[in-house]
Amino acid sequence: MITFPLYLALVPCALVLIGVAVMALISIGHLLHYGATTFLSFIITFAYLAGSATILFITYQQTKEVDWQQPVEIRLDIPSLPTGPMATPPKI
Amino acid sequence: MMDTTHILRTGFGERIIFVLRRHPIVFLVEAVVILFLASVPFVGYFAIMQLMPALLVGPVSRPLLTLAASAYLIVVWHFLIEKFVDYYLDMWIVTTGKVLNIEQHGLFSRTVSELDLTTVQDVTSEIKGLIPTILNYGYVYIQTAGKEERFIFEQVPHPDKVRARLLELVEKDKKELMAGR
């Protein structure tokens, strides 16, 4: 059985967030660098940022009262096969 | 209108005739697919609610599911801006003297190529399929002299009009060249 604190689950999430944030900055940087600062690009960028902020806010709302110190248990043992009289097949 | 001064070197008296991009429906279809993918966690939520409701109230399972759904949504949502950059930065600029082909491949690859109108030999337009026929968008192939390579305007609106206008410009450009521009 493996036991670890729940806050360790935040690490992969943080890595995903950092990766996405870097890619988003590059995308928006491309739009600015290549002069694509039009109304349409503004609307799409705004929708993207607003959507991302909403996702993060809802995630925060849903998880703000979680006790991140509580242990998570993962069982690796395979349940053993049943033994005893019921385990043997009846003889025909 | 997009600022193209940093990519386009216009000669004396040269002016931009049109700036082309793929038809907006191309991006719209991708956006719909992204929205469809974004709905997966919500469908999953209702499925779990029906099949294993205990998972949605468990002190460990609930935050884990929330984090997984959130990470998935943020990645899928990111595809929206990435697809938009790919769509919006792909463009073809036609001036009175040349054609510029700018293609963005993902976030880290960009190709800019230029073609003089006097080298154009043949221009072909093609509309293929039901939706392109209804919405009138398709391909314009520009064949140049002495080269196997072709310039392709992909999924641009009104390809027939673009071809006709391009041929006019080519003819005019060649006449000006013959007259010793």
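Start by selecting B:Pro132, which lies in helix H4 of chain B, residues 130–135. The model is a predicted one. Is B:Pro132 buried, exposed or partly exposed? It counts as partly exposed because it has 19 C-beta neighbours inside 10 Å, and a residue needs 20 or more to be buried.

Now colour chain B by domain. Domain 1 is made of 16–23 and 91–178, and domain 2 covers 29–85. Taken over C-alpha atoms, the domain centres are 41 Å apart.

Select helix H1 (residues 24–38) and helix H3 (residues 61–88) of chain B. Their axes come within 9 Å and cross at roughly 175°, so H1(B) is roughly antiparallel to H3(B). Show the side chains where they meet: on H1(B) these include B:Phe27, B:Ile34 and B:Leu37, and on H3(B) they include B:Trp77, B:Leu80 and B:Phe84. What classes of residue make up this contact? There are 13 nonpolar, no polar and two charged residues.

Last, show both chains. Their contact takes 29 residues from chain A and 25 from chain B. On chain A, select helix H1 (10–33) and helix H2 (39–63), each of which supplies at least two residues of the side touching chain B. That side of chain A has 17 nonpolar, twelve polar and no charged residues.

Key: Residues numbered from 1 in each chain as written. Chains lettered and ligands numbered in written order. Predicted model: local features only at pLDDT ≥ 70, side-chain atom pairs only at ≥ 80, totals over all residues. Domains from an automatic or database assignment. Helix = DSSP H or I, 4+ residues; strand = E, 2+ residues; numbered from the N terminus. Buried ≥ 20, exposed ≤ 12 C-beta atoms within 10 Å, placed from the backbone. Contact = placed C-beta atoms within 7 Å. Nonpolar A, V, L, I, M, F, W, Y, C, P; charged D, E, K, R; others polar. Axes fitted to C-alpha atoms, helices over the stretch in contact; angles between N-to-C directions. Parallel < 35°, antiparallel > 145°, perpendicular 65-115°, else oblique.
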